[in-house]
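Trainee: Could you take me closely through one part of this model, the open sheet, and then place it in its surroundings?

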Amino acid sequence: MLFADAAARIEASARELWPGRTVRLGARIPSVTCYVQNIDVDGRGLVAKVSYLGVSIVSLLRGARGDWPAVRAAQADYVTAPGALVGREAAQLRLMEKVPGLAVCPVAGARNGVLFTGRVLGPTLTDLLIAAPEHSAELLGRVTRSLQPLRFPALPRGAAVPQTPERGIRAVFVRKMRGAAGQLYLRRLGEERIRDGQEREQVRLLLVASVERLMRHRALSQPRCPALIHGDLKPEHLLFPEGADGAPVFLDPGLQYGGECADIAKLLSRTLLHLLATPYPPEAAERALAGIDVFVRAQARTPARAAGAQDLWLRRLVIMWLMDTVNITSSYLSAPAALPLPAPAPDLVGRALALAALVDRGSALLDADRTPMPRLWPRFLDAVRVLVRGETGAAR
Ligand SMILES: Nc1ncnc2c1ncn2[C@@H]1O[C@H](COP(=O)(O)OP(=O)(O)O)[C@@H](O)[C@H]1O
Ligand SMILES: [Mg+2]
């Protein structure tokens, strides 16, 4: 019902925005957050997106906002409310478009809670990493440099920046996992996605232990000097229309004031998940990981961080990396079977146990207090390497 309603909203909004033009709905794009679908208007390729109540589709289908008539009724008010999610996204994209040196997907229009962006063609960051893993460090470095103009000078002073705090790693983690509701959520994970009862139980136990540790360390995930960040930096939100040597075009921002570390943590957490889900020769995966190591060490050192600050930065990175992996893995595992999952999820749910084991090992490392993080970082990377060796390509 929700899917048909969303498609009808998209079509109706397109006809209102572009009367008399030929409107043709195309393939749906799987997402756990919004309803997203390709659409052509007079032959121009666009992507349309609808958010219901600013809540993820997974939560909606699980009944977080009541039954479908209740959601539909609430949506009527939501689309005209000033803080609606896609309205904020449109404003962010329009703002980012004006930042010299930053490329984003163009806003084609926004109407009745539907956002239309111009379809950007080109390989994603994952595609490029897979094609040339030896360039991983350089590519990742280029991505973070491309976001630099967002940080200080380019935005007009005092420009009102609509924010998307609900995409923050820490905010999502605490919201989902805290208290009795968090316990219940964790207890029900995998009900519709992991058939083997024993495996499901093991995944839950590992995640519960990891969540408990990460909660204890969560204070460290607060940035010291918040700055504007992309806020939802994932490989699938980075397209390279000019190929491997060109600049990235950013999609789906979730602008917020946070630490640059948060962008990097999500980028690496999601990159690893994509690498795991891609048939990838183990040597190539190892090369990509070596590139991630070089990239992270370089980031930890900038701008000329003192040893103590490097330690803190690495610790914060690992905490947020693991929090994000828990956030997204739990979303996939709690998604109703009826919801088509986007890449890399379909290939990952079968390997939830290995992923949960990584989060468990990584979070246990954080508990080894007093060991300086530059010594713990290689151990975390070893845990990642073990996972990659066991899970990619020929070894699978
Ligand atoms: N303008 C665009 N050009 C190309 N691909 C797009 C565009 N907008 C969205 N997509 C694709 O659709 C996916 C989901 O859209 P997105 O805006 O990220 O929605 P959500 O908020 O649900 O994550 C993206 O990850 C990307 O693969
Ligand atoms: Mg997205």
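Mentor: In β6, threonine 117 is the bridge partner of valine 107, and the strands concerned, β5 and β6, run antiparallel and are joined by 4 bridges. Strands here, like helices, are DSSP runs numbered from the N terminus, with at least two residues (E) for a strand and at least four (H or I) for a helix, and two strands pair if DSSP finds at least two bridges between them. The model is a predicted one, in which local features need pLDDT of at least 70 and side-chain atom pairs count only at pLDDT 80 or more, while totals for chains, interfaces and linings use all residues. Residues are numbered from 1 along each chain as its sequence is written, and chains are lettered from A and ligands numbered from 1 in the order in which they are written.

The open sheet has 5 strands in the order β1-β2-β3-β6-β5, with antiparallel pairing. Because β1 (23-29) and β5 (107-111) stand at the edges with a single partner strand each, one side of each is left without a neighbour in the sheet. From one strand to the next the twist averages 25°, where axes are lines fitted to C-alpha atoms, for helices over the stretch in contact, and angles run from 0 to 180 degrees between N-to-C directions.

Two helices lie across these strands: α1 (residues 2-17) lies across β1, β2 (35-41), β3, β5 and β6, running at about 35° to β2, whereas α4 lies across β3, β5 and β6, at about 155° to β5. Contact between two residues requires that their C-beta atoms, placed from the backbone, lie within 7 Å.

The domain assignment gives domain 1 (2-118) and domain 2 (125-395), with bounds that come from an automatic or database assignment. In domain 1, 22 residues are in contact with 25 residues of domain 2, and α4 gives the most to that side of domain 1, with 7 residues. By class, this side has 15 nonpolar, 4 polar and 3 charged residues; Ala, Val, Leu, Ile, Met, Phe, Trp, Tyr, Cys and Pro count as nonpolar, Asp, Glu, Lys and Arg as charged, and the others, Gly among them, as polar.

As for the ligand, β3 (44-50) and β6 (114-118) each supply at least two residues of the shell around ligand 1. That shell holds 16 residues, the closest being Ser31, Thr33, Cys34, Cys105 and Asp252, and a residue is near if its C-beta atom, placed from the backbone, lies within 6 Å of the molecule.
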